[in-house]
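Please have the sequence and the 3D view open while reading.

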Amino acid sequence: MSSRHLVRRGGEIDLAVPAGSTAVGLRRWSIVDEDTPGAVHTMFSIGELAAGGAIPSHVHSFEDSLFVLAGEVVLDTADGAFLLRAGDYGVTGLGAPHALRNVSDAPVRWATMFAPQPRSRTNADTYPVPALPVRDPVPIDVRDPRTRSFGHIDPRNMDPGQQTQDMLAVSASMRTALLVYSGITVKMMIDRELGAECLTMFMVQYEPRGLAGAHDHPFEETYMILEGTVDAAFDGTTYRLEAGDVAWAGVGCVHSFANPGPGVVRWLETQAPQPPSRHSYRFARDWDYLRDATSEDR
């Protein structure tokens, strides 16, 4: 039986040149992909592009999302050129031509999520196309309709006390409120509102002693810890995850989270396929309650 979860430690980062790549200065740490036991919907990786590096114009038969961790990169598309800096994110639609170039004097590193999962047997479902025109890039601004497929988020956007109108005007999203419950805050980043159809990407933060009970989903999830420490249980095995660690939970994997404190824990989370509007969560406690209730009736 294939595994329904995976944990990779940040200290084990293995940035390597992707096989068959025509990019200059690109290295990638592929964390979740078709070689990961059980993963069928997700490819999650960390990419790094050296100063002066470039990825030529291409299209994918999947959606391509990214969240910039450090540095800055220019993303060229048919709609224009966009300058992404740390904290910026965006999605490129299926079949949409795009290219990346690092015009800075330092490397840029980003987390990326592809869905549906690329296949190595079909050249990673990536196809070269004629070069896009080189234009001056526009920085990401959520108030600018030219950057409607992009956004920005930072730790301040996860603070319930800063969700004022003036703050929202320059926050990660003008379209999505901060969801707050049981010591947990969630801010949506990429979903259908941003043009994605196959995946979601969002930010999660737990206050000290914040927790989510055991549950599973009809989709796969990936978690990249950005700050703090969390106790994460996957199908009965508990791990203490720290900044830089990445975990993946497959369909039907029962998982839960608890922040042991003393500080907050914050992570980037992705889902594929995109969750249904109902029945996205199956909490074990509800079905345990039903089992106990029906047992008493017999």
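How many of the 18 residues of strand S3 (residues 43–60) are buried? In S3, 13 of the 18 residues are buried, so the strand is mostly covered; buried means under 20% relative accessible area (1.4 Å probe, protein chains only).

## Basis of the model

This is a predicted model, in which local features need pLDDT of at least 70, side-chain atom pairs count only at pLDDT 80 or more, and totals for chains, interfaces and linings use all residues. Residues are numbered from 1 along each chain as its sequence is written, and side-chain values use heavy atoms, with hydrogens and water left out.

Strands are DSSP runs (E, at least two residues), numbered from the N terminus. Two strands pair if DSSP finds at least two bridges between them.

S3 runs antiparallel to strand S2 (residues 24–32), with 7 bridges, and to strand S9 (residues 108–115), also with 7 bridges. Ser45 of S3 is the bridge partner of Ser30, and Thr112 in S9 is the bridge partner of Ser45.

Strand S8 (residues 98–101) is joined to S3 by 3 antiparallel bridges, with Ala54 opposite Arg101. Strand S10 (residues 126–128) pairs with S3 over 3 bridges, again antiparallel; here His58 has Pro128 as its bridge partner.

## An open sheet

An open, antiparallel sheet holds 7 strands in the order S1-S20-S17-S22-S15-S14-S13. Strands S1 (5–8) and S13 (179–181) stand at the edges with a single partner strand each, so one side of each has no neighbour in the sheet.

Within this sheet, strand S15 (residues 200–206) and strand S22 (residues 265–272) run antiparallel and are joined by 7 bridges. Met203 stands opposite Leu268 in S22.

How values were computed: Buried < 20%, exposed > 50% of the residue type's maximum accessible area, 1.4 Å probe, protein only. Helix = DSSP H or I, 4+ residues; strand = E, 2+ residues; numbered from the N terminus.
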